[in-house]
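Have a look at the fold, then read on.

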Amino acid sequence: MLFEPIVTGGCRSYLIGCADSCAAAVIDPEISQTDRYLGLAAREGLRIHYLIDTHTHADHFSATHELARRLQVPVVMHRASPAPFVDMRLNDGEMLVVGKLRLQAMHTPGHTRDSMCLRVEDRLLTGDTLLIGATGRTDLPTGDPEALYDSLFRCILKLDPTLKVFPAHDYGGRGESTLARELAENPRLRQHERAMFVETMLSLNLTMPTHITEALRTNMSGGKTVEQMLAEAAAAVPFMSLAELKARVEAGDTELVVLDVRERDAYESGHVPGARLLPRGQLELRVNQDLPDPTQRILTCCELGRISTLAAATLRQLGFTRAVALDGGMKAWREAGYPLRSGVEP
Ligand SMILES: [Fe+2]
């Protein structure tokens with residue numbers, strides 16, 4: 001078995017492959033690491049057959065939907081998952097066959113209603129049900145401390161204690177453990193009494209994960225994150241540096257149309273000399289009258305360089321094949337001490 005943990009901050013995902021057949025699966029992939037999974041699989045000579053989420057993540061952005069679209073392979077989750085894009089829904093006790101490997105699913109609700117653990121050979125992928133030195137929290141949507149108690153004490157902890165534990169998170173950087181070690185050392189598991197365990201879980205008083213709204217929105221719908229939207233736009237346009245634009249402005253380049261896509265008040269308080277105003281919110285409405293020549297060389301700029309990237313991508317979709325975006329924004333332009341003009345252009 002090829003077993004490759006991918007660590008990003010506190011998140012852990014896993015590439016698991018069958019060395020004989022070269023079939024593989026990715027467990028709990030994260031959107032920022034999509035190229036890494038594909039690169040690792042290619043390096044190891046593996047073909048990914050399944051993209052598996054152990055549960056609906058509230059604290060990271062799942063890449064299952066995006067990778068499934070690219071690879072044309074199924075997204076796998078527990079039957080209770082609310083995500084409409086799940087292609088294969090597992091019930092407790094069912095297995096996925098990955099080459100010669102068998103990934104056995106166990107429904108372990110508690111952290112979320114759709115949580116499952118996966119057992120493969122001598123390893124247990126515990127998702128957020130059992131962490132090293134901790135357990136998943138139960139205060140996020142569909143969390144239930146009573147259910148977590150049952151999942152732990154009546155299911156997971158009754159398995160072979162020599163099983164190695166691989167969770168979806170490890171905030172302490174402890175990496176690897178076994179069920180036996182967790183039984184001996186995990187402070188949350190000392191509460192063998194149901195009521196005590198539930199009380200402990202209810203009194204943790206944890207702060208909400210950052211980006212929880214966006215994580216739940218995208219992970220439950222298959223929609224895109226704002227970062228994904230920006231990354232896709234950035235991949236579709238060339239950029240020009242601040243220094244290159246400054247040189248062109250100072251040289252009196254009349255071929256390049258600098259299009260400031262901020263709102264009017266921001267534009268009038270200081271813009272690149274010669275820049276024209278066309279706010280992003282009005283781009284599609286005014287493009288035909290303001291930019292009649294689709295062969296024009298256009299450079300978009302905004303305050304931080306993000307909205308201008310979206311605007312340049314939109315212009316390219318509209319047929320302005322020479323639209324580029326400024327690498328940076330007016331904030332950086334001002335901070336660099338580059339020339340500004342206020343008010344309206346003559
Ligand atoms: Fe989680």
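Met-77 sits opposite Arg-89 of strand 6. This is a predicted model, by the way. The two strands involved, strand 5 (residues 75–78) and strand 6, run parallel and are joined by 3 bridges.

They belong to an open sheet of 6 strands, ordered 1-2-3-4-5-6, with mixed pairing. Strand 1 (2–8) and strand 6 (88–90) are the edge strands; each has a single partner strand, so one side of each has no neighbour in the sheet. Going from one strand to the next, the twist averages 25 degrees.

Two helices lie across parts of this sheet. Helix 1 (residues 34–44) lies across strand 1, strand 2 (11–17), strand 3 (23–27) and strand 4 (47–52), and runs at about 155 degrees to strand 1. Helix 2 (residues 64–71) lies across strand 4 and strand 5, at about 150 degrees to strand 4.

Which residues of helix 1 are buried? They are Thr-34, Tyr-37, Leu-40 and Ala-41. These residues cover an arc of only 135 degrees around the axis, so they end up on the same side of helix 1. What do the buried residues of helix 1 pack against? Their partners are strand 1, strand 2, strand 3, strand 4 and helix 2. Turn to the face pointing away from that buried side and you'll find the exposed residues Asp-35, Ala-42 and Arg-43. After helix 1 comes Gly-45, which has a positive phi, near 70 degrees.

Now for the metal. The iron ion has three protein donors, His-55 (NE2), His-111 (NE2) and Asp-128 (OD), which lie 2.0 to 2.3 Å from it. Along the chain, the donors follow the spacing H-x55-H-x16-D. His-111 is in the loop between strand 8 (101–107) and strand 9 (116–120), while Asp-128 is in the loop between strand 10 and strand 11 (130–131), so this pair ties together parts 17 residues apart in sequence. Are His-111 and Asp-128 buried or exposed? Both His-111 and Asp-128 are buried.

Strand 10 also takes part in some strand pairing. Strand 10 (residues 123–127) pairs with strand 13 (residues 164–167) in the parallel sense, over 4 bridges, and Leu-125 stands opposite Phe-166 of strand 13. On to the next pairing: strand 13 and strand 14 (residues 177–178) run antiparallel and are joined by 2 bridges. There, Val-165 faces Ser-177 in strand 14.

| Residue | Relative accessible area |
|---|---|
| Asn-219 | 7% |
| Gly-305 | 13% |
| Leu-242 | 15% |

Start with Asn-219, which is part of helix 6 (residues 212–221). What does the side chain of Asn-219 reach at 2.8 Å? It's the backbone oxygen of His-60. Apart from neighbours within four places in sequence, Asn-219 is in contact with His-57, His-60, Phe-61, Ser-62, Ala-83 and Phe-85.

Leu-242 belongs to helix 8 (residues 242–250). Not counting residues up to four places away in sequence, Leu-242 touches Leu-326, Asp-327, Gly-329, Ala-332, Trp-333 and Tyr-338. Compare its position with Arg-12: Leu-242 and Arg-12 are 230 residues apart in sequence and 38 Å apart in space, going from C-alpha to C-alpha.

Gly-305 is found in the loop between strand 18 and helix 11. Again leaving out residues up to four places away in sequence, Gly-305 touches Leu-326, Gly-328 and Gly-329. As for Leu-90, it and Gly-305 are 215 residues apart in sequence and 43 Å apart in space, C-alpha to C-alpha.

Terms used:
Residues numbered from 1 in each chain as written. Predicted model: local features only at pLDDT ≥ 70, side-chain atom pairs only at ≥ 80, totals over all residues. Heavy atoms only, no water. Pairing = 2+ DSSP bridges. Axes fitted to C-alpha atoms, helices over the stretch in contact; angles between N-to-C directions. Contact = heavy atoms within 4.5 Å. Buried < 20%, exposed > 50% of the residue type's maximum accessible area, 1.4 Å probe, protein only. Donors = N, O, S within 2.8 Å, 3.2 Å for Na, K, Ca; no water. Polar contact = N/O pair within 3.5 Å; in protein donor to acceptor, adjacent residues only side chain to side chain. Arc of directions from axis to C-beta.
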